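Here is a short tour for a first-time reader. Take a look at the model, then read on.

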Amino acid sequence: MDVSFILIILLFGAVATYFVGDKWASKAALIFSTCAFAATLYVIYRYNMGEKVSYLQTWMSRPRIVIGLQADGMSLLMLLLTTALTPIIVLTSFGNLFPKSRSFYALILFMAFAMAGTFLAVDGLLYYIFWELSLIPIYFIALIWGSGEAERRKKDVVKFFIYTFAGSLFMLVAFIYLYTKTGSFLNLHLYNAKLTDTEQLWIFLGFFLAYAIKIPIIPFHTWQANVYQKAPAAGTMLLSGIMLKMALYSIIRWQLPIAPKAAHDYKYIFIALCVAGVIYGSILALKQTNLKKLLAYSSLAHVGLIAAGAYTLTIDGLRGAFVQMIAHGFVVVGLFYAAEIISRRYKTEEIAEMGGIRIQSAKFASMFMILVMASVALPGTFNFIGEFELLYSLAQANIWLAVLGGTTIILGAFYMLRMFQQVMLGDKGTKVFKDVTFGEGFTFVLIIAVLLFFGLYPRPITDFVTPSLQKVLVYINQIN
Amino acid sequence: MNTLIAIAGLGIICLIAEIFNLRKVIVPITIIGLLAVLGLHYTDYSVLGLETTAEQTKGLYNSMMVNNGYSKAFTSLFILLTIFLIALTPHFQREHKSKLSDFVAIKLFLLTGAIAMVSFGNLAMFFLGIEVLSIALYVLAASNPKDTNSNEAGMKYFLMGAFASGILLFGITLVYGATGSFNCDAIYTAVRGGEVPSWFFIGIVMLSIGLLFKIAAAPFHFWAPDVYQGSPALSTATMSTLAKVAAMAAFFKLMHDLNYKVPGTYTTIIMTAAILSMTIGNIMALKQDSVKRMLAFSGISHAGFMLMVFFNPPAMSGVLFYYAAAYALAGIAAFAVLLYVAEDKKGESIYNFNGLGKTNPMMAAILTCALLSMAGIPIFSGFFAKFFLFTEVLKTGQVAIVIVAVINSIISVGYYFKLILAMYNKEATTETSKVPAMYSIVAIIAILLNIAMGLYPDFVLGLLK
């Protein structure tokens, strides 16, 4: 069994979910996504045994395009994140009664398929195809099942689509240009492309546009908060939990090793841009009155730090980026799930209209508290490991950047705790908060277990990813 | 050549069938006939390729016709498109049953014109082909005599088209004056042999202007939106798929044959036309409410994309074929849905598409796929068409125009998605009727072929070898 098997499960699952009908769609989606998760674990087990789990097959001879799915520490880790979060995201949607739910769940699985493909693809064009494919399901998910007034939502979702599509087209041009230089789309061939400094800069910028929009890095972030707010909870989780990781992963997998000279030469500009995003996101989060928007801006700050770490080009930065991608993926899904549970019961997303939840549901309050703590990187949580490594790598680059980046922890603690206080504490008031159901609690426990376990014992993850990172780092440092 | 004769014969049989009151079997017979011709054409293709290479290079009928991979591949595409268009005819013209044979026969004659346009070996044959095609189109544009819009469209198209034909003919005479022959090979030899008088190049530019008009590229595009909108929807479908692709193929073949020594300034002309077409087509399409008109402008921008093949003709024939096939198949699928909606809601404005995603999910899905293909979203063949095109153009070092093309692809998403949004994000206003069987069959087959092309691009590109 190789990694292509996981893609087949997800794709087949999407089709099957559509055909089992509205009533069983959610269960079918859960079963297929769990199967994919199990298959991923098995593939990782085989990879650790030293067996071959990659998949290579020629697709077109001219231009030469290969259906190549590469399995190494980096891609398998991201695959694991995707297939682990997908069942959780499906679970979080169980409480909602969606119209046409079979299409909804089929689209979620299809999106998981496209995102898994993006992480695995070794051929540039195949990677681009998966990258774009993942955009179509999220577009429909946000458009059809989103909240808020239809006209406003339409505008925001279309803006999001055109933004990301525009960015990725420039990446496509960069890929085609590389192909005319090397005659191949395989990443190893592209790493050895022998580009001049100017070429590297343009290629680097082409990639950067695609990734900066998707992550998002300021000033390309304007689509983010509105879409996060308007998309249904599952859509927001897919976007923030997995999809933006595609871009962060691609920085390390594609952008840095292909244009290492540009990455070294302009390192500080890009780090500074990312750190600016960290501060900007934190300050905006301070001022939000809408719970989902607050979480969106806090996410903007956190991923800015991840990108900054990746651009430091040190092993700590890259490893920190991977650790934090996993940690952030779980935390952000948990936080948006908590927001969704509150807004399901209170029918509002305004922080001012909430309050008095802790008195009514201590269980929910304590789980939410742990997630908030993890989000602000309290020692003992997985996020602490990630943020610590990222800040350490920033300190290696420039101590002041690390200081500036570190403000995210202080500001984050401030706005998250204030949010917690306003949302959860206070008198009971008139609003009744029904205690969490078993399903909801179970989902939270899964997420929290992951965060705490790896917070105390991160070695399985770091050991798994480090050898592959060192290989990539060789190409990143190959400047002459 | 056999193909051409067989199709012309089929058209005449169609007219005769009417006399013998066999109206009901006309369409089935024509479609079976065309499928047979397609089969014949294909076997012809493989046999010719092996044995009669000498005859191929010499050409048939005093070099009037040439058979090579290029003409064969495009001929197959044209036959396929005509089958789709004829299959759509009976239901579309159900109120004019008595004229069914005319409509079918005109489309068959149009097809002969299109085939002549890609397999000519002589400029006379080329002109004959383009006139047969154009006259058939004038008739189709005006084929709804009780509608003033249709009359207007026919008249406009005829006047403008006749003017363009005049310029084209003038170009041909200048080329003849410079080289002393209508034969493409002879012209080619003459040009390669030595100096040609300067009016040869004027002739080439005039030929280009005539053909730019036929493919509706800016700045010769002004007729297209009005004619597309005024004509009956099926005629518009014919114009924007079959006719546009045929004119583009002819243009490419002509320039490929004659363009040996054209100075670099010619590239500037083409580049200007390409950039103008893409940009004007896309920007105007953004503002349209009528879907037919929007597709007309989108067709103008696609013509601009296709013009990019002239930067490196020798490497581009496969790319052009792929692009043309992807565009035409998506166009047929989109028009099949448009025909249904226009008929069902008595209008082809974008508001008539509201809520189609709920009332008729299948047709909405097909139209979505067709639009995504035109916008160039991966896995649909439209993406690969643009991808191959950009790859080849970048190889020639023209980075600037690729960037313009990319920006235009982004703009085009705006209006394609406007339609998709209307289908999925708005509520339907009225009840809907059932989709006519033929419309859905044609739409499904066309979109499946489009997707299959995206999955197996090697096969399509290999057709030209």
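## Where the chains meet

Two residues are in contact if their C-beta atoms, placed from the backbone, lie within 7 Å. The model shown here is predicted. In it, 26 residues of chain A are in contact with 20 residues of chain B.

Which helices of chain A supply at least two residues each to the side that touches chain B? They are H5 (124–133), H6 (135–145) and H7 (150–182). H7(A) brings the largest share, with 14 residues. By class, this side of chain A has 21 nonpolar residues, 2 polar and 3 charged.

## Confidence in chain A

Chain A has a mean pLDDT of 87. Of its residues, 99% reach 70 or more. Confidence in chain A is highest in helix H4 (residues 101–120), at a mean of 91. Confidence is lowest in helix H16 (residues 357–360) of chain A, at a mean of 80.

## Chain B as a whole

Chain B contains 20 helices and 0 strands. Its C-alpha atoms fill a box of roughly 70 × 55 × 40 Å along the principal axes. A compact globule of 465 residues would have a radius of gyration near 23 Å. Chain B has 21 Å, which agrees.

How much of chain B counts as buried? The share is 58% of its 465 residues. Contacts also reach along the sequence. Among those in chain B between residues at least 6 apart, 78% join residues at least 24 apart.

## A helix pair in chain B

Two packed helices are described by the angle between their axes and the distance between the axes. Helix H11 (residues 233–258) and helix H14 (residues 313–345) of chain B pack at an angle of about 175°. Their axes are 8 Å apart. Angles over 145 degrees count as roughly antiparallel, so H11(B) and H14(B) are roughly antiparallel to each other.

Both helices contribute a list of residues to the contact. From H11(B) come, among them, Leu234(B), Val245(B), Met248(B), Phe252(B) and His256(B). From H14(B) come residues including Pro313(B), Leu320(B), Gly331(B), Phe335(B) and Leu339(B). The residues of this contact divide into 17 nonpolar, 4 polar and no charged.

Most residues other than glycine have a negative phi, and most peptide bonds are trans. Some places in this model depart from that pattern. The peptide bond from Ile215(A) to Pro216(A) is cis, with omega near -15°. The bond from Ile218(A) to Pro219(A) is cis too, with omega near 5°. Where do these prolines sit? Pro216(A) is in the loop between helix H9 (197–214) and helix H10 (224–230) of chain A. Pro219(A) is also in the loop between H9 and H10 of chain A.

Lys194(A) is not a glycine, yet it has a positive phi of about 55°. Lys194(A) is found in the loop between helix H8 (187–191) and H9 of chain A.

Ile379(B) lies in the loop between helix H16 (361–375) and helix H17 (381–395) of chain B. With 19 other C-beta atoms within 10 Å, Ile379(B) is partly exposed.

Key:
Residues are numbered from 1 along each chain as its sequence is written. Chains are lettered from A and ligands numbered from 1 in the order in which they are written. This is a predicted model: local features need pLDDT of at least 70, side-chain atom pairs count only at pLDDT 80 or more; totals for chains, interfaces and linings use all residues. Helices (H or I, at least four residues) and strands (E, at least two) are DSSP runs, numbered from the N terminus. Ala, Val, Leu, Ile, Met, Phe, Trp, Tyr, Cys and Pro count as nonpolar, Asp, Glu, Lys and Arg as charged, and the others, Gly among them, as polar. Axes are lines fitted to C-alpha atoms, for helices over the stretch in contact, and angles run from 0 to 180 degrees between N-to-C directions. Angles under 35 degrees count as roughly parallel, over 145 as roughly antiparallel, 65 to 115 as roughly perpendicular and the rest as oblique. pLDDT is the predictor's confidence in each residue, from 0 to 100. The radius of gyration is taken over C-alpha atoms; the globule rule is 2.2 Å times the number of residues to the power 0.38. A residue is buried if 20 or more other C-beta atoms lie within 10 Å of its own, exposed if 12 or fewer, and partly exposed in between; C-beta atoms are placed from the backbone.
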